[in-house]
Amino acid sequence: MTIPNNSGKAIGLDKLGMVGLLVGVLCAIWTGFEIFSNKQNALPSYLFGYMFWFAITVGCVGLTLLHHTVRGAWGLAILRLLEAGGGVGTLFLLGVLAIPILANLPVLYPWARPEFTEHATTLTAFKFGFLSPSFFIARFIGYLAIWGFLANWLRKSSMQQDESNDENLAQKRTNVSAPCIVLFALTATLAFTDLTMSLDPHWLSHIWGFINIAGGALAVFALFNIIVMGNSKKEPFSSVVNRGLSKDLGNWMFVFTCLWGYFSFSQYVIIYAGNLPEFNSFFLNRQDPTWGGLGLLLMLGSFVVPFIVLLFPRVKATPKYLVAIAIWILVFRFVEQYWIVLPFFRKTLQFQPLDIGAFLAVGGLWLFAFSKTATVGKLLPTHDPRLKEAYEHA
């Protein structure tokens with residue numbers, strides 16, 4: 001099977017990467033200078049920007065495993081994008097970009113400060129053992145290593161099948177991916193627990209991992225809907241984009257909008273009903289009218305609006321409408337990450353220019369690493385006969 005112009009360069013991913021590199025380097029210099037000058041003020045902004053792109057990368061890894069497990073036709077059009085977003089390149093980049101965080105744990109995390117152990121008498125012995133800087137860093141490296149190994153093997157196997165058309169390779173990927181989804185869910189939950197929940201070591205939410213995984217997957221579908229549907233009239237996507245594909249990708253955004261809303265609301269209801277100190281501190285830190293107002297805006301923009309809009313079949317059947325709602329969703333993924341991270345450090349909503357600067361620093365470099373992988377080889381996998389069917393009926 002041959003698809004015309006089956007390359008990431010055909011839709012300008014190489015140019016996107018170069019723009020990302022330029023913006024990322026300039027903003028990284030700015031962010032680095034601010035961190036060097038005032039860590040207390042700059043590192044929270046940096047952690048916010050880092051976590052937005054970290055969630056997207058984790059979402060790409062999880063959705064790659066999901067695609068190979070269920071082998072749905074919906075994943076074929078975005079498989080190479082998922083492999084690039086959750087590949088070795090972006091994971092290695094996140095490891096490098098985590099250095100300012102890992103090197104300054106006491107600035108961000110109360111449990112990493114020497115004086116904390118003298119006053120935190122309410123913490124259990126398990127928490128004290130779990131929340132140690134050396135173990136934190138070792139776990140983080142372990143998460144990236146596990147995801148990188150899985151992502152590298154799955155991509156190599158998929159690209160090998162493009163050349164050999166060996167159906168046994170697809171079955172092997174399914175056999176590996178199915179149990180590894182459980183491993184992924186565990187490691188992703190631990191990663192989000194480490195990086196954000198432990199900002200308040202007294203706070204506990206058993207559903208925190210699911211909220212962040214669902215939010216990350218939603219951001220991934222929004223981002224890749226923008227790329228695929230925004231280039232629906234260009235090769236190679238014009239060869240496969242039809243009403244069926246746009247409906248599938250739109251439905252996935254709807255599904256993860258519902259999941260994110262369900263998990264978030266469940267967390268709130270359970271914590272509100274229990275009203276225990278170790279659970280409710282998260283919402284107490286956000287009860288200031290400014291943060292509370294942003295939380296209400298988040299509920300409206302991240303759940304109510306997408307939920308209603310994506311109920312309409314015409315929206316999911318029309319690429320330009322799908323791109324519009326995908327942009328809306330991605331903007332509110334930004335808002336949610338802002339609302340998650342920064343109230344741990346700011347009592348009231350106080351926007352700072354570095355919040356955007358750090359976001360662009362990490363994001364620009366992420367887009368460069370993403371584009372470098374996405375422009376290597378074919379942008380659409382050709383080993384699955386269902387892609388051929390889509391090509392013939394697009």
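How much space lies in the largest cavity? About 90 Å³ lies there.

## Basis

This is a predicted model, in which local features need pLDDT of at least 70 and side-chain atom pairs count only at pLDDT 80 or more, while totals for chains, interfaces and linings use all residues. Residues are numbered from 1 along each chain as its sequence is written, and side-chain values use heavy atoms, with hydrogens and water left out.

## Largest cavity

A cavity is a set of points on a 1 Å grid over the protein atoms alone where a 1.4 Å probe fits but cannot get out; lining residues have an atom within 4 Å of a point. Points are joined across faces, edges and corners, and the volume is the space filled by probe spheres set on them. The count comes to one cavity of 30 Å³ or more.

Two or more lining residues come from each of α2, α11 (208-230) and α16 (319-341), with helices taken as DSSP runs (H or I, at least four residues) numbered from the N terminus. The most come from α11, with five residues. Among the lining residues are Phe52, Asn212, Arg333 and Glu336.

## Helix α1

Buried residues (under 20% relative accessible area, 1.4 Å probe, protein chains only) of α1 include Leu13, Gly17, Cys27 and Ile35.

## Gly87

Gly87 is found in the loop between α3 and α4 (88-97). Gly87 is buried, with a relative accessible area of 5%. Gly87 and Gly148 are 61 residues apart in sequence and 6.4 Å apart in space, C-alpha to C-alpha.

Terms used
Buried means under 20% relative accessible area, exposed over 50%, partly exposed in between (1.4 Å probe, protein chains only). On a 1 Å grid over the protein atoms alone, a cavity is a set of points where a 1.4 Å probe fits but cannot get out, and a pocket is an open set with protein on both sides within 12 Å along at least five of seven lines; lining residues have an atom within 4 Å of a point.
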